[in-house]
Amino acid sequence: MYYLVTVGYETEQLDRNGDPRLQKVKYIVEAESVEETTIIMGQYRDGDARGSDVLSITQMPIECIIDPKNRPEFYKKK
């Protein structure tokens, strides 16, 4: 299954309350469950020095992704 994960990264800009503003970034993650997706995103975010939080995880209604890495036979020149 594929999941759409929205992560909020803290920026140097502050809002009216003095809290850091968030830059929202979306990722598509292939995983078997929301729990696995959370673990994968935690590992991915460990390498980033910015503060961040997962804001949402939603299941994507995608059967498969067709690209040169997953389905190279469709990208061969004829």
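## Close-up views of a predicted model

**View 1. S56 sits in strand 3, which covers residues 52-60.** How much of S56 is open, in terms of relative accessible area? The value is 31%, so S56 is partly exposed. Set aside the neighbours within four places in sequence, and S56 is in contact with L4, V5 and T6. Now look along the chain from S56 to P72: the two are 16 residues apart in sequence, and their C-alpha atoms are separated by 32 Å.

**View 2. T6 is a buried residue of strand 1.** Strand 1 takes in residues 2-14. T6 has a relative accessibility of 10%, and because buried means under 20%, T6 falls in that class. Which residues does T6 touch, once its neighbours within four places in sequence are left aside? There is one run of K24, V25 and K26, and there is another of D53, V54, L55 and S56. S56 is the residue from the opening view, where T6 was listed among its contacts too.

**View 3. Y27 and Y44 make an aromatic pair.** The count of aromatic pairs comes to one. In this pair, Y27 and Y44 have their ring centres 5.2 Å apart, with 65° between the planes. What kind of pair is that, stacked or edge-to-face? It is edge-to-face, because planes over 60 degrees apart are put in that class. Y27 is buried, at a relative accessible area of 18%, whereas Y44 is partly exposed, at 49%.

**View 4. R50 has two partners to look at: the ring of Y9 and the side chain of D48.** Take the ring to begin with. R50 lies over the face of Y9, at 4.0 Å from the ring centre. Then turn to D48, whose side chain meets that of R50 in a salt bridge, with 2.8 Å from N to O. How many salt bridges does a search of the whole structure find? The search finds one. Are R50 and D48 buried or partly exposed? R50 is partly exposed, with a relative accessible area of 39%, and D48 is partly exposed as well, at 25% relative accessibility.

**View 5. Stepping back, the protein has one helix and three strands.** Read from the N terminus, the elements run β-β-α-β. The radius of gyration is 17 Å, well over the 12 Å that the globule rule gives for 78 residues, so the protein is more spread out than a compact globule. Its C-alpha atoms fill a box of roughly 60 × 30 × 25 Å along the principal axes. What share of the 78 residues is buried? Buried residues make up 18%, and T6 and Y27 are among them. The accessible surface comes to about 6400 Å², and carbon and sulfur atoms own 49% of that. As for contacts with a separation of 6 or more, 55% of them join residues 24 or more positions apart.

Note on methods: Residues numbered from 1 in each chain as written. Predicted model: local features only at pLDDT ≥ 70, side-chain atom pairs only at ≥ 80, totals over all residues. Heavy atoms only, no water. Phe/Tyr/Trp six-rings, centres within 6.5 Å; stacked < 30°, edge-to-face > 60°. Buried < 20%, exposed > 50% of the residue type's maximum accessible area, 1.4 Å probe, protein only. Lys NZ or Arg CZ within 6 Å of the ring centre and 35° of its normal. Helix = DSSP H or I, 4+ residues; strand = E, 2+ residues; numbered from the N terminus. Contact = heavy atoms within 4.5 Å. Rg over C-alpha atoms; globule rule 2.2 N^0.38 Å. Areas by Shrake-Rupley, 256 points an atom, 1.4 Å probe, with all protein chains shown as cover. Salt bridge = Lys/Arg side-chain N within 4 Å of Asp/Glu carboxyl O.
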